[in-house]
Amino acid sequence: MAMPSPPSRFPDDTGADLFVREFPMAVAPDDPAGLSTSPPLIVLSVPQPVTPADPANPAQEHRARVRRVLGALESSLQRDNGAKLAPYALVWAEDHPASASMAESAGNELGRGIPRHMTPDRFPDFVLLREVIAFMRERREWPAPVPRELRDHAYRQRVGRGGLPALLWSLSGGEAPPIAGLRGWLLGTWWRALTITFPRWYWARRQTARLIRPGTLSLNRRPRWLGSDLGRSGGREDLFEVLDAVAERQVPRLALPADHQRHIDALQHFERLLVRALLEDLRKPSPGRARPSSRRRTARPVLLVELPPEGSVGSGAAERLVRALHTASGTDDRADAAARSARRPGPLVIAVGSPSAALLRDLNAESGSLSLATERMRDSGDRPVLVTLNDEPFSRDGQSIRRVKPRVFKLRASTQTAGVTAFALLAVSALVYGGFRVVAPPVDVSCAGGDGAVAKPTERPELKPGALYNEAYDEIQSQNGTAEKFAAQGRTVRTVVYFGSDRPKDDTSTTILFDGTIPELRGVALWQRRLNQEAVSDDSRVPLRVDVRYTGAGFVNAEREARKLVAELEHKPRAAYEEIVGVLGFAQSKEESRKALTVLAQAEIPVVGTTATADEMLGSRSYWPLTPLNSTEARIAANFAATANIVARSGGQQGCAPARHAVVVHTSNDLYSKGLADDFRESFQGTEDIVDFSQTGASAAGLGIDQVSRPDDLAENVCRKLSQHQESIVYWTARARDFTAFVNAFDRQKTCAADGLTVLGGNELTNVAQTGEYDDNTWLRLYHSAHTLPVTDDRSSDSTKDFVQEYDSWVDGPPERDPWRYDGHSAVSYDAFRMLSQSVDRAAKWDLTPSGVRIVLGTGVTFEGATGSVLKPTEDNRPPADKTLAILRQSADGPVVLAACGAYRPGETYAKQAPPCSE
């Protein structure tokens, strides 16, 4: 009778299904932009067998377990014949004695057998340091100084790799003995200088400029990594003088006994330098760009490391590599804008085995299951993740990891570059020739969106805030009753919390007309109604109750209400349908709402954002915003202001011109306002003035910034600044209520208002524009952003049109008279609720808890929504990729779309679109 084969494949531990599903996507994502992250180090701790098959040799069975895990991971990275599908290195510790460098082996293996035409495929920093460090380690004494000897050795190694240096070396005669006489003098003085001395000097100078500090004439003035790492970026030493100083300190330590701490420190220092060099090479080229070499970066390099038990063969070398990887990954040079820009790309490193207690103490790893490792694997991070596997899954067959499928190319990057360059030269030549043949057309001075001002004087619609709010609120309560009926029938029903600002006391509370609360509540009610309708015939849908909670005007009590919610979740509700699985909010980026997100994140409660757009709201792994960030909106607005004809031409000339100056009005203690203003100023190509405006008098503005609290003073200040610059606009980032006060005050400045005023603002101004507040201000030209295309625009998608049709059928009276028909807030909250709802549906299949919903949201939810395409974000906890953003102009006949950016319909992306959408 044949013996049964031992268990194989990846152990089916807790969260293994998510891990084996996401591992291939982390290595070769569908969107190359997903490669722009640097995942943290992942340590899989394999347990010793509880009941080993061979009690006399349990270490052998433990090593078989480690090989099983590493083999399962490696099998997804190679073909049946062993050829690599993605760049990876599997480094076995037993092949390395205590003093050996596993970083050297890892770099050598990564560079071997790289899939055809895939990048990164060159490791210049690693190869150079590998050869220099190997030269150092061969010695036990270091006669200082010997930088020339280091340089000559490194250059001879470079000659051995071929290319122009090898050709010049061969022409020089190389190491041939000198020739006597005049011929020998000429060869030694001139010929060898041209073929050896000068090329070697120039090569060494280039290496210094690349690794230590930029050259005198270099346009790239950023610090070089090795110079910064060794504290030599500001001196005058060249690369080999710097490395000679390193050798002078470290090489004598290698002569000490192997267990001496200074000997261990020297080995660790060399290992860290090699690892850092390898990581620098692996970050180039940047993924997802137009360059052919960047487009060929379609898979993430993977490093698999065996961690044998402490005291075993190779354990010292393995732990030295892991420490170096941890240390080097934390030295990434990044600006403070961590919430706005991703880290440079890095490899995926997974160490498998038995980490020692000392190593775990040095790593300070975040402990969790494979689900946590999966979540971190898709994002950037410095803190390692420790997953302690259980013993039981190793007693049975596990799960297979499917092979990665990166995109492959038939041509080399250099071949494509040559073809594109030739075509570009031909095209430029044709254009230059055509420019001389064709008379240049006249300059277009027509005003973007029309020559008129905001609108003709019209009768303002009569709006009753209390009645409008109650209409939407009552609809939600009605749909809650329907959901509870489903629960009474035995259906699975859950509850979500919607955090709003404040409920109007009566129809005199006009502030709520301008903060987006009413249209946002309408969007929530409409999706809840649709969800209940679909749940009648679709058992997979989970009906949801909506618990509307108030946080006070301006979300002043948001943090307190979040803490109350967390306290409630610590106690089980009376009925299952009252169990809260997620949160919708917030409509505004305030310091209070940001603190509330922190509270909810600590309790791991998933939150789907609506119209809070400040970059500063990011940072929580439980928060998913739906709308583009301030940094994206400001970039598009700045490009639009500098290229579109939006300002009346100076000197009484007809038509309009782009803005050359901007008066930026912001509120310094408001996250949304200050962040949007700062981002606009950073991107705007013209000059600018800045004014801090707050009717409360509170200010966090710095020195030199005008601080104003009265609307009349603001109008006078802005009028004065506009008169000092031609073709100026006001870029408004303060709140809508303050804008109303400013416009009324500016209208009273008759001499200034007579010349007209162009205002460009964020989607906060859609609230005032849609309520008809300024229909009688004919001197105002108002442009603003929006998060969806108006249905009147031919480019709007079918999903957008379907939503507007559903919205029109729900609103009482003629749709044309509804003030928020073209406002994006209702569409945004509709899609945000849908995103949360679909996550609940998917989580119901395996774990209908806040944690389960959070994991689904982390894997990405995609659909065609009211605001356009909702796609998986390029990074975790970021807005959906290419989220819709439009620039509109208010007119008498409704909004006019002047720029449609992002995925407002399927297939559209920022990269495909012309300015101001693309960078």
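In strand β6 (residues 385-388), V387 is the bridge partner of G368. G368 belongs to strand β5 (residues 366-368), which runs parallel to β6 and is joined to β6 by three bridges. Between these strands the chain passes through helix α14 (residues 370-377), and the resulting β-α-β crossover is right-handed, a term applied where, with the strands pointing away from the viewer, the path from the first strand over the helix to the second runs clockwise. Strand β6 also pairs in the parallel sense with strand β1 (residues 42-45), over four bridges. In this pairing, L386 of β6 stands opposite V43. Strands are taken as paired if DSSP finds at least two bridges between them; helices (H or I, at least four residues) and strands (E, at least two) are DSSP runs, numbered from the N terminus.

The model is predicted: local features need pLDDT of at least 70 and side-chain atom pairs count only at pLDDT 80 or more, whereas totals for chains, interfaces and linings use all residues. Residues are numbered from 1 along each chain as its sequence is written, and side-chain values use heavy atoms, with hydrogens and water left out.

A search of the whole structure gives 22 aromatic pairs. Rings of Phe, Tyr and Trp (its six-membered ring) are paired if their centres lie within 6.5 Å; planes under 30 degrees apart count as stacked, over 60 as edge-to-face and the rest as tilted. One of the pairs, F680 with F684, is stacked, at 5.2 Å centre to centre and 15° between the planes. F680 is buried at a relative accessible area of 0%, and F684 is buried at 6% (buried, under 20% relative accessible area; exposed, over 50%; partly exposed, in between; 1.4 Å probe, protein chains only).

F739 and F742 form a tilted pair, because their ring centres are 6.3 Å apart and their planes lie at 35°. Both residues belong to helix α23 (residues 736-748), where they are three residues apart and therefore separated by about one helical turn. F739 has a relative accessible area of 0% and is buried; F742 is likewise buried, at 0% relative accessibility. Ring pairs link F739 and F742 with F693, W732 and F746 into a cluster.

Charged side chains also lie over aromatic rings. R67 is placed over the face of W92, at 4.2 Å from the ring centre. The charged end of K84 sits over the ring of Y88, 5.2 Å from its centre. The criterion is that NZ of Lys or CZ of Arg is within 6 Å of the ring centre and within 35 degrees of the ring normal.
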